[in-house]
Amino acid sequence: MPQKHARVAEFADLVRLIESPMKMETTKIVGIRNRAMLEMLFSTGMRISELLSLNRTQIDNSGRIFIRGKGKKERFVYLTTRAKRFIDDYTIRRMDNNPALFIPYRGKNVNTPKARLSANYLQMTIKRYRDLLGIIVPTSAHSLRHGFATYSAEQGANPAALQILLGHESLQTTTRYVHASDTYAEKTHRSFHPLKE
């Protein structure tokens, strides 16, 4: 079976998506929480399951996070300064004792002491933002992981370092995550084609 070319939304569209929750949510704390989640996904490249299983105590003061990923493999991921600012803003506003980093504010589990957000909620929310923003490339929580790998690679990130950050056993898996954006491919074509003049 031929592999489908996975596409990653353009960088500007991913940034618009990440920044959209505070404008699109009517409840302020929900907007702040959702912005923090999207910032964290793109900042670290973590999986949606890793994000939603995080506890508040797993983030140290420098923004380093120790996680147990797929296959119970342990690794560190790192918040950008920008993402850390949004996580701090969200956690400062929390007035509960729930150990989970991201908690629901609506629904049947809202008052449960150990309630966590569901993957389904996050995926549906991202789809709603994407539709409202008119982003035509299918974009999900997993797309932010792909975007992290793709745009870090375009900035010159070492593939072996990306492999560690993504928690991949094989470098081959990491290279499947790195898809040149259309803009980057076009710039490369214009710069390096032998008959460009």
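Predicted model: local features only at pLDDT ≥ 70, side-chain atom pairs only at ≥ 80, totals over all residues.
Colleague: Let's begin with α3. What makes residues 28-44 a helix with the number α3?

Modeller: Helices are DSSP runs of H or I with at least four residues, strands are runs of E with at least two, and both are numbered from the N terminus. Helix α3 has 17 residues. From first C-alpha to last, α3 reaches 24 Å, close to the 24 Å expected at 1.5 Å a residue; the expected span is 1.5 Å times one less than the number of residues. After α3 comes G45, with a positive phi near 75°.

Colleague: Why is α3 called largely enclosed?

Modeller: Buried means under 20% relative accessible area, exposed means over 50%, and partly exposed lies in between (1.4 Å probe, protein chains only). In α3, 15 of the 17 residues are buried, so the helix is largely enclosed by the rest of the structure.

Colleague: What makes a group of residues a nonpolar core?

Modeller: They must be buried Ala, Val, Leu, Ile, Met, Phe, Trp, Tyr or Cys residues, joined through side-chain atoms within 4.5 Å. The largest such core here has 39 residues, and M40 and F102 are among those with the most contacts inside it. Helix α3 gives the most to this core, with seven residues. For M40, contacts (heavy atoms within 4.5 Å) include G45, L51, I65 and F102, leaving aside neighbours within four places in sequence.

Colleague: Why is K84 called buried?

Modeller: K84 has a relative accessible area of 16%, and the limit for buried is under 20%, so K84 is buried. This lysine is in helix α5 and touches D60, N61, S62, G63 and L79, not counting residues up to four places away in sequence.

Colleague: How do you know that R56 and D96 form a salt bridge?

Modeller: The rule asks for a side-chain nitrogen of Lys or Arg within 4 Å of a carboxyl oxygen of Asp or Glu. The closest N and O atoms of R56 and D96 are 3.2 Å apart, so the pair meets the rule. The two residues sit in distant parts of the chain, R56 in the loop between α4 and β1 and D96 in the loop between α5 and α6, 40 residues apart. By this rule the count comes to 15 salt bridges.

Colleague: What separates K127 and D131 along helix α6?

Modeller: About one helical turn, because K127 and D131 are four residues apart in helix α6. They form a salt bridge too, with closest N and O atoms 2.8 Å apart.

Colleague: And E50 with R47: are these buried or exposed?

Modeller: Both are buried, and their side chains meet in a salt bridge at 2.7 Å, N to O.

Colleague: Last one: why does Y78 count as partly exposed?

Modeller: Its relative accessibility is 42%, which falls between the 20% and 50% limits, so Y78 counts as partly exposed. Y78 is found in strand β2 (residues 74-78).

Definitions and conventions:
Residues numbered from 1 in each chain as written. Heavy atoms only, no water.
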